[in-house]
Amino acid sequence: MGHDGDFARGVAYGTPRLEHCLNVRARDLGIDPAQPAGFADWLGLQSPAREGFQQRAHYGYYLCAMLAEAEATAAARSVALQVIRAAVEAVDRTASGFVCRVAGRDSIAATRVVMAMGALPPQPLSALSPALVASPNYIAAPFADGALDQVARDAEVLVIGTGLTFADVAISLRRNGHRGRIEAISRHGLPPLPHTVEPAAPLPVSTELLDALQEGDVRRVLHALRSASRQADDWRRVIDALRPHTQSFWQRMDGSARRRFLRHLRTYWEIHRHRIAPVLNDELDAMRSSGQLVIRASRLIGADVDDGRARLALRDRGLSDLRTLSVDRVVRAIGLDSDVERTAHPLVARLRDAGVVRSDALGLGMDIDEDFVVLDRNGERVTGLYVLGPLLRGRWWEITAVPELRRAAAELADRLVRQE
Ligand SMILES: Cc1cc2nc3c(=O)[nH]c(=O)nc-3n(C[C@H](O)[C@H](O)[C@H](O)COP(=O)(O)OP(=O)(O)OC[C@H]3O[C@@H](n4cnc5c(N)ncnc54)[C@H](O)[C@@H]3O)c2cc1C
């Protein structure tokens, strides 16, 4: 159930901007795990476009079409599918299941509830003064309609974040004809790496790497990855070979290994694993070569607004002195959040405060068991209440991109049907 934008498209695929590209090849994005080419077939793509990176808006149309098809064929399969555009404000437990309280509508009783709410809204950044946050100098939601179109072409811009959202922001500004200087900062200052134009098949996983994966040994995995990448013609073929093993590797790691991974390797994992389309990388390179775009490893210490400009205090990595920067616009590009303990998402906060849901041990999302069933504050199963989507990172780690999501969705659907 969605309450903003079009059904099925969500934040990711609701963007109308043509430069917002998928970061997975078209031929791998079908919604059915048994037919990965479904999206490329639906678009009628031939090679090389099937191996290319289509616009996210096209994927949104595809998802809408798949939902429309499911609605049209539901009755023939004895399924009653009703789509309601409204916000669920509460999910209360009753003797026989749940009652979902829905804004502006009658409540809905259900024996089973699947929460597929996407990630949580981004947390406020504590380094920013309330005056800056409230000012037109600050753009908290760069994907919101027209948000970047208001930025003057010669404005100086600071982007907080250097990941996939940053790439979208920088390229949208460029396509808007932006001429002003753009600085982007993050702890490591590492932007996403590019895909290659031509896909290359994943290499077989070496015995050494497989053993290390099976033991959940982060240090050995890293060692084996480095040596495999040195021998490979392209490191991407080594990283891509890990995909079928990542979730089970994560499961085998104990809590302290997962913490070590998150502390030391997370950024490196993200930039190697979640890559951007080559054409977008070329544009970022052009912006960097011309000096228009600068990416720095830097932390935001404080930020205020003064005389119509944002004034920032930054600490560049390895330096103790603060650097000051004055820009016209500050754009938040830190991506979505998953901190169940701190979130202000109304439904999740309510469920958390009532003890019905809890954060997983690493604060990556919600705690569930192996059947997608929510675990409450005491670690007890909340029978009939399920979660699906990016909030399951604590359990699966890789669960944000379509290939993993579609498999999880099919597995959960299968479980729900079998339990009937
Ligand atoms: C900008 C962006 C780009 C991405 N690009 C790619 C890509 O190229 N390739 C790829 O494989 N993956 C990509 N992803 C990742 C992935 O595909 C998405 O995270 C995926 O869309 C998640 O789907 P979802 O249905 O779980 O959540 P969402 O699409 O976020 O949908 C959640 C829905 O739940 C609704 N909701 C939330 N709370 C309530 C409530 N209380 N009541 C009613 N409705 C509620 C929301 O309104 C929303 O409609 C991208 C993600 C983002 C954010």
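## Close-ups of the sheets and cores

**View 1. Val-330 and its neighbours.** Leaving out residues up to four places away in sequence, Val-330 touches Leu-132, Asn-137, Tyr-138, Leu-158, Ile-160, Ala-303 and Ala-310. Touching, or being in contact, means that the C-beta atoms of two residues, placed from the backbone, lie within 7 Å. Keep in mind that this is a predicted model: local features need pLDDT of at least 70, side-chain atom pairs count only at pLDDT 80 or more, and totals for chains, interfaces and linings use all residues. Residue numbers start from 1 along each chain as its sequence is written.

**View 2. The largest nonpolar core.** Val-330 turns up again here, with Val-157, Val-159, Val-169 and Ala-170, as one of the residues with the most contacts inside this 47-residue core. A nonpolar core is a set of buried Ala, Val, Leu, Ile, Met, Phe, Trp, Tyr and Cys residues joined through C-beta atoms within 7 Å; buried means 20 or more other C-beta atoms within 10 Å of a residue's own, with C-beta atoms placed from the backbone. Helices (H or I, at least four residues) and strands (E, at least two) are DSSP runs, numbered from the N terminus. A second, separate core of 40 residues includes Met-115, Val-357, Met-366 and Ile-368.

**View 3. The open, mixed sheet of 7 strands.** Read across, the order is S5-S11-S6-S7-S8-S9-S10. At the edges sit S5 (138–139) and S10 (323–327), each pairing on one side only. Two strands pair if DSSP finds at least two bridges between them. S6 (residues 157–160) runs parallel to S7, joined by 4 bridges, and Val-159 stands opposite Ala-184 in S7. S7 (residues 182–186) is also parallel to S8 (residues 293–306), over 5 bridges, with Glu-183 facing Val-294.

**View 4. The S8 and S9 hairpin.** Here the strands run antiparallel: 8 bridges link S8 to S9 (residues 309–316). Asp-304 is opposite Arg-311 in S9.

**View 5. Strand S13 and its partners, S4 and S12.** S4 (residues 113–115) pairs with S13 (residues 381–387) in the parallel sense over 3 bridges, and Val-113 stands opposite Leu-385. S12 (residues 373–375) goes antiparallel to S13, with 2 bridges, and Leu-375 has Arg-381 as its bridge partner. This hairpin has 5 residues between its strands, and Gly-379 takes a positive phi near 80°.

Methods. A residue is buried if 20 or more other C-beta atoms lie within 10 Å of its own, exposed if 12 or fewer, and partly exposed in between; C-beta atoms are placed from the backbone.
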